[in-house]
Each structure stands twice: as structure tokens, then as C-alpha cells.
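Trainee: I've just opened a new structure and I'd like to learn how to read it. Could you walk me through it, feature by feature?

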Amino acid sequence: MVNPRGHFTAYWVDGVAGMEDIFAELSWRGLIHQTTDDARLQGWLLEKPRTLYAGFDPTADSLHVGHLLGVLMLRRFQKAGHRPIALVGGATGMVGDPSGKSQERPLLALDVLRANVEAIRQQLAKFLDFSCGSSSALLVNNYDWMGRIGYLEFLREVGKHFPVNVMLAKDSVRMRLERADAGLSYTEFSYMLLQAYDFVHLYREYGCELQIGGSDQWGNITAGIDLARRMHGVQLYGLTWPLLTRSDGGKMGKTESGTIWLDPQKTSPYRFYQYWINTDDRDVLNWLAYFTEIGREEWEQLAAEHSQDPAKRTAHRRLAEELTRLVHGPEGLAAAERATGIFFGEEISEVDDQQLEDIFADVPSASLPRSALSDEGLPLIDALVAVGLAKSKSDARRIIQQGGAYVNNRRVIQLEARLSSGDLAGQSILILRTGKKSYGLLRFN
């Protein structure tokens, strides 16, 4: 049950205390797209702790924003008292899921897949609790069981339970077959069997009774439920969340500069923060409900403030803060907020070159020899011209005289000002600015 403040209320069902109504929580957040049994699932989840799983294909050595909702769904179920299993698809990742894909993905080498699996294992440990008693999370790799099954054995034990006409009717298969420019390989066609068998295996080994995934996984989920019924005569369940699409038509987690990764070495906390704070006004309330753990009352308050004055971007800041803290910790959030402050005029000091390159990745830049800072130093006038913030030396003089020149966000008004190594903001970088927002990055090699 969700109380009026949007927080969970403990339940007592048949003597079981402490179960939280995860179904109601997911419902108000808009996170339930389909279930295999709308009428029974809510009560079933309240009867006792259940074991559920979601899968992640190890196509890279880091998860990205597109995976984040699945990770957080497992986290929500665990906080509600259930046991989550995060399945890293070392076997299915060798095949490639055709769901939502217009063409077949390239197959990865086994050693690359193993490295990716291990990296993802470490990332998932940041979001799920693996030492909390009966609801402790599990990490499993389906290569551990699929790698031991021979082809003939798999056909005898699993393949015989799959009617081809049923497989052809699945949206993920049918849509690919209907495309004249795509088609579907046998390798991809078999993916459904592998994922279905994962569900059966997890049921047998861990009592897993629920699979969750994005709405594009519906066909694979129901295939697993059907396989379990045919092989073991049991009833399993499925739940999907809405497929994430941005209102501007862009793909979730993609920007002009590339994918937004959860690994800070691939996407810095600053860029991660900026991705969320720049969320389209039409999406921000949905993303707050989907991705954060704020309660319903706070969400409604943020929704009201956003409706009254979207320019204040209160909801955007809350979204960026919550997710950056969750993914990168308090230190990562502090670094991201400091970097944001620097871009908007805070004085720059004791910042390393990598951070500066990241913050000012999209501004004009130039490189000069390190020797330019020695002896009498580099005239500020020449530096402004070199980085393109002034068209000529006379233009640079005018900018300085009018008080519009800044070195590391500190105003400089002396026409004869010269720059030395002591003016560097990082190890070899100096940041110049003219006016309020025109930046230039000058490297000294």
C-alpha cells in the first residue's frame, strides 16, 4: 500500500510482515506496461518474498543509461522485500537479441565477452545488496549453464517444446521477417529459446518465478513462461516496463557526442550530470518517476513547480542530482556540480587537465609551445587572438579595456597583462573567456 506521502506501508498477509506493495509503487510511477496476469500479480507479490530476474547483454564493458531502468527495477523489488537476480548474458550475448533491432549485431569474441561480463558484475554491485539475508541479490552468468549443454541435448530437452508457428508470431521475429532489407539469421532466431531456457533454469535452481524487462522483451518473457509450463507444469509470471523513448525522437542514453555510460572513465560524472539536467521539458517528470527514488508527494510538488515555471528547471536539477549521486556517489555529484559551476563563471583553480578538457570539450581551443609562458610570458592580447576569442589584436585590446576579458574566470583589465605557468588552471591548460559565456581552451605542450 502507498500512503498519502508516497512512501511504502508495511503489509501483513497470511502472517508475513513487512512486504511492501511494489506493484502499487510501480503503477503510480508509470512503470508497468504489461503483465502476464494483471488480476493476480499484485496480490501474488504481497503473499511472500518472490525471486525475480532481469537480464543484461554484455555487449560492452560498461552498462549505459539505456540499462539503468532495468537495474533500478531490480533495486526497487529488493527494497520491497523480494530477491533480485541480475543475469549477465555471457551465452545469449554471443548470439544477440533481435528484439528491437533492424539488423544483426556483430558477434563478440569469447575473451571480450568474459571481460565485459566481469566489468558489468562490478557495476551491478553498486546498486544491489548482495549481503542482506534472504533478499540478497544474485549475479549469474548464463554461460555457466548454457556452455555445458550440447547442441543435440538442447534440441531434445528444449527445442522440442517450441512450436515454430508460435515463434514466428512473436513481434521481435515477425517484424524482422517483414522487412525486405533485414531478414533474420538462424542464430538470432534461436535467441528466444536460450532466454526462455534461462527462465526455466533460474526457476529450477533458485525458485525464480518472475521475469521483468523492457516492453520489447515481451515475446522472450512469454516464451520462457510457456517453456516452464510445458517442461514442468508450473506457472511463472512476467512484467514489462515501457520502452524508453525521448519526446524529441532521440534514443535514450544517446547524445551527439556518444553513449552515456555508467562507467566514469567512459562518461565523466560532469557529462552524466549534464545529460540529465538537459532533459527535455516534456520528459523530465516521467524520468523523475522512472529513475529516482523520490516519494509521490515530492514528485507531485516538483510537477506543480515545473508546470508553473519550467524555466527554473527545479525538476531537472533534482533529477540530475539524484541520479548522479546514485551512480557516481556523493563525490561524483560534488565534482559534477563544481564543474557545472566553473562553466557558469566560478573561479577555476586546482582542476586537473582531464576535468578541464571534459568541461570545455565543445569550446574553441588552440595549442602553443610551453616555452610561450616562460621569460616575459605570453601577452593576454596574443592569447585571446590565438584561441579565437578576438579577431585581431586591436579587437583583443577593446575587449580588455571594456572589462570583458577573463583568465580562469578571473577578470583581467590590464592591457599589458602577460600569462605565465603560474596562471595555468591545470597542469598544462589555461581557460580564457570573453563576456559571459564565450570560452576558449589554450593548451601548452
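Mentor: Here we go through sheets, cores, cysteines and a pocket in turn. First, this is a predicted model, so local features need pLDDT of at least 70 and side-chain atom pairs count only at pLDDT 80 or more, while totals for chains, interfaces and linings use all residues. Residues are numbered from 1 along each chain as its sequence is written, and side-chain values use heavy atoms, with hydrogens and water left out.

Trainee: Okay, sheets. In what order do the strands of the six-stranded open sheet come?

Mentor: Strands of a sheet pair through backbone hydrogen bonds, either parallel or antiparallel. Strands here are DSSP runs of E, at least two residues long, and helices are runs of H or I, at least four long, numbered from the N terminus. Two strands pair if DSSP finds at least two bridges between them. The six-stranded sheet runs β3-β8-β7-β4-β5-β6, with mixed pairing. Its edge strands, β3 (34-35) and β6 (138-141), each pair on one side only. Inside it, β4 (51-56) and β5 (83-88) are parallel over six bridges, and Gly-55 sits opposite Leu-87 in β5.

Trainee: And which strands stand at the edges of the five-stranded sheet?

Mentor: That open sheet has the order β11-β17-β16-β13-β14, again with mixed pairing. β11 (365-368) and β14 (410-411) are the edges; each has a single partner strand, so one side of each is left without a neighbour in the sheet. β11 joins β17 in parallel through four bridges, with Ala-366 opposite Leu-442. β16 and β17 are antiparallel over six bridges, and Thr-434 faces Ser-438 in β17. Three residues lie between the strands of that hairpin, where Gly-435 takes a positive phi near 70°. Three bridges connect β13 (405-407) with β16 (429-434), also in the antiparallel sense, and Val-407 is opposite Leu-432 in β16.

Trainee: Is β17 mostly covered or mostly open?

Mentor: Mostly covered: five of the seven residues of β17 (438-444) are buried. Buried means under 20% relative accessible area, exposed over 50%, and partly exposed in between (1.4 Å probe, protein chains only).

Trainee: Which residues touch the most other members of the largest nonpolar core?

Mentor: In soluble globular proteins, nonpolar side chains tend to be buried together. A nonpolar core is a set of buried Ala, Val, Leu, Ile, Met, Phe, Trp, Tyr and Cys residues joined through side-chain atoms within 4.5 Å. The largest one holds 60 residues, and Ile-212, Trp-276 and Phe-291 touch the most other members. Another core, of 30 residues, lies apart from it and includes Phe-189 and Met-192.

Trainee: How many disulfides does the structure hold?

Mentor: A disulfide is a covalent bond between the sulfur atoms of two cysteines. The structure holds zero, counting pairs of cysteine sulfur atoms within 2.5 Å. The sulfur of Cys-132 is 16 Å from the closest cysteine sulfur, in Cys-208, too far for a bond. Cys-132 is partly exposed, at 30% relative accessible area, whereas Cys-208 is buried at 0%.

Trainee: Last one: which element supplies the largest share of the lining of the second largest pocket?

Mentor: A pocket is found on a 1 Å grid over the protein atoms alone: it is an open set of points where a 1.4 Å probe fits, with protein on both sides within 12 Å along at least five of seven lines, and lining residues have an atom within 4 Å of a point. The answer is α12, with five residues. The lining counts 30 residues, and those nearest the centre include Thr-255 and Arg-271.
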